[in-house]
Amino acid sequence: LQVEGRLATCTTCPYCGVGCGVNAVPDGMGGLTITADKTHPANAGRLCSKGTALGETTGLEDRLLTPRIHGREANWSDALDLVAAKFRETIEKHGPDSVAFYVSGQLLTEDYYVANKLMKGFIGSANIDTNSRLCMASSVAGHRRAFGTDTVPGLYEDLEQADLVVLTGSNLAWCHPVLFQRLVAAKKANPALKVVNIDPRRTATSELADLHLAIAPGGDVALFNALLAHLADTGRLERAYIAAHVNGLDEALAAARADDPAASGLSEEEIATFLTLWASTERVVTVYSQGVNQSSSGTDKVNAILNCHLATGRIGRPGTGPFSVTGQPNAMGGREVGGLANMLACHLDIENAEHRAAVKEFWDAPAMPEGPGLKAVDLFRAVEEGRIKALWIICTNPAVSMPEADRVATAIKDCEFTVVSDLTAETDTARLADVLLPATGWAEKDGTVTNSERCISRQRAILPAPGAARHDWRIICDVAERMGFGAAFDFTSPAEIFREYAALSGVAGRLGLDFDISDLSDLSDRDYDALEPFHWPRAGTRQGGRFFAEGGFYHADGKARLLAVTHRAPASVPCAEYPFRLNTGRVRDHWHTMTRTAKSPRLSQHIAEPYLEIHPADAADLGLAPASIAEVTSRQGRVLLRVLISERVQRGQVFAPMHWTGETAPCGRVDALVAANTDPLSGQPESKASTVAIRPM
Ligand code: SF4
């Protein structure tokens, strides 16, 4: 492709789960000129501020360019020998469950595949988890309970084909900006399209909404239970669809009727308006994100939403369906490749003996775990308690992003042996490593990613690997080879890994699962390089790329399950000592712990420092002046934040972004405040409902 007369590379934006296509042209000075890919199905020519500024984030200023052992530069051979020897010795002495990998939704599918293969098939432990646990694990658990597999039923275009789009627990305008742009355009083209935004906070997304419902934190189950009961009471259940394709209606309905809608924190009038609108609109899409997932009742919230769509048959047809939008560019690829501690590759089930045996045979694996490994919070607890003695953290910064971040940082520091692979030595986590391994970054890597609508796209290298940096898949294979597993990890390219992964998906397909891309298992290197974005199942093979319009669920009886769910309040309860509820989230122009976006001056112009958004009446009660510094404490930690007084948050609630770290005020390592309360099924932490105290500094 030519952009302004120069050859451009078509690749994929590495930030959010929208997964936009971009065209990149090197500017000859280490940067890139970025334009939107007009042909990519996710964005069709659109980009947001972060995607547009990608070319400003590829500088080498703080890059890690050689391996380091205990802070000293080392060569690859010594570093890899040490990593392999330490992992091997630890496993020999303490067993396979004494080691762990903590990986990332920023990894490419091919990186993820080999990491998962090494841990689950060759080390013989399932102690590999990913920062996607913090992002969408509740959606995975909810999908699997309802559908039998972790299947996203719909497509982005459903938002444009709907007559009602409900955005719950989602600040789409800031967190999935191109999807929001598509929704804005759809509403302009079809003024009859209604948008409802359910969020305790009024956000940029609320500006588009016809109805903003400032729900109580954790109130989603009560609201969607009220909806299920209302659908039944008003004759809106789709009885033929339920009879043919769904089990569990009576139990789910009984639980819904027993729940108290007032637990949603909404007025009777607000609830009635929402129920009437949803029930009377055939084409309805319910989009949900972290406000639903990051909760101690996250899985039940997901199922309360799925219940309503399944009970009305509003799923899998154009303009209908529940829609989980993921935070990260390859959270979905990680789900597909089995990067979570409780999954196997290709949606195979680690708790299913037949599935485990099939993967073991396919990999010719010497060892397979008998069940799930440790999920992120439990994994770092095991590090803290010394049960995990060798830890490899790849492409993520848990010392900032995990709940109880101070405790996690101490656990990593005190771990007997910690390896970190990353772009830079300048993260809070990298500073704690015994061995640092320099990895290539977004513009230097080849592979594939899957976005929130099951679209698999190529990410292509544009710039050469700097210094001695290596690709993550290469580093993992190098360690595997030194651990004695060379034959199974003698990959020479991401294309080879992709072919094996595609072939393994054929095993899943033969076992009756959804994820089967095995027609790509003999893709040539050239065809892999030229691979166009495609939705799985391959476009046109099933109901226009959607699932479940005609049933076809993945439980043994082919039916979906409605789940009986009941409202539960967030685990932390406000008290005299910690009276405020802390909601955390993203800002528009920064990403995660800012290791890339902080390099772009224009991205920092939007919001330059960490802040605490607080209601004017609460600020007055506490004596907080605008732009002053507030000390925010919880039972877990302390941060200092700039005060932003705003009626967008409700009284008794505050909001703080999760991106920043640092030692001097304002310093917002906000996850240090967050209690590690988790959903009992998904293990996802409740990052939006901790309790804190606030005082002026
Ligand atoms: Fe990148 Fe997401 Fe913005 Fe698209 S919407 S350009 S994927 S950050």
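Hi everyone, let's start with a helix pair: α2, residues 76-94, packs against α19, residues 472-485, at an angle of about 55°, and the two axes are 9 Å apart. That angle makes α2 oblique to α19. As for handedness, α2 passes α19 in a right-handed crossing. Before I go on, please keep in mind that this is a predicted model.

I'm quoting an angle and a distance here because two packed helices are described by the angle between their axes and the distance between the axes.

Now for a second pair, α3 and α20. How do their axes cross? Helix α3 covers residues 109-123 and helix α20 covers residues 494-510; their axes come within 9 Å and cross at roughly 65°. So α3 counts as roughly perpendicular to α20, since the class runs from 65 to 115 degrees. The crossing of α3 and α20 is left-handed, whereas the one between α2 and α19 is right-handed.

Let's move to the ligand. There are 14 residues around the ligand, and those that come nearest are C13, C16, C20, C48 and G51. What is the shell made of, by class? Nine of its residues are nonpolar, four are polar and one is charged. If you'd like to find the shell on the screen, look at α1, residues 49-52, and α7, residues 177-189: each of these helices supplies at least two shell residues. In terms of domains, at least three residues of the shell come from domain 1, residues 2-56, and at least three from domain 3, residues 137-325.

H70 is not a glycine, yet its phi is positive, about 45°. You'll find H70 in the loop that links β6, residues 68-69, to β7, residues 72-73. Is H70 buried or exposed? H70 counts as exposed, because it has 10 C-beta neighbours inside 10 Å, and the cut-off for exposed is 12 or fewer.

The other one is H347, again not a glycine, with a positive phi of about 65°. H347 sits in the loop between α14, residues 331-337, and α15, residues 353-363. Here 27 other C-beta atoms lie within 10 Å, so H347 is buried; the threshold for that is 20 or more.

Note on methods:
Residues are numbered from 1 along each chain as its sequence is written. This is a predicted model: local features need pLDDT of at least 70, side-chain atom pairs count only at pLDDT 80 or more; totals for chains, interfaces and linings use all residues. A residue is near a molecule or strand if its C-beta atom, placed from the backbone, lies within 6 Å of it. Helices (H or I, at least four residues) and strands (E, at least two) are DSSP runs, numbered from the N terminus. Ala, Val, Leu, Ile, Met, Phe, Trp, Tyr, Cys and Pro count as nonpolar, Asp, Glu, Lys and Arg as charged, and the others, Gly among them, as polar. Domain bounds come from an automatic or database domain assignment. Axes are lines fitted to C-alpha atoms, for helices over the stretch in contact, and angles run from 0 to 180 degrees between N-to-C directions. Angles under 35 degrees count as roughly parallel, over 145 as roughly antiparallel, 65 to 115 as roughly perpendicular and the rest as oblique. A crossing is left-handed if the near helix is turned anticlockwise from the far one by less than a right angle, and right-handed if clockwise.
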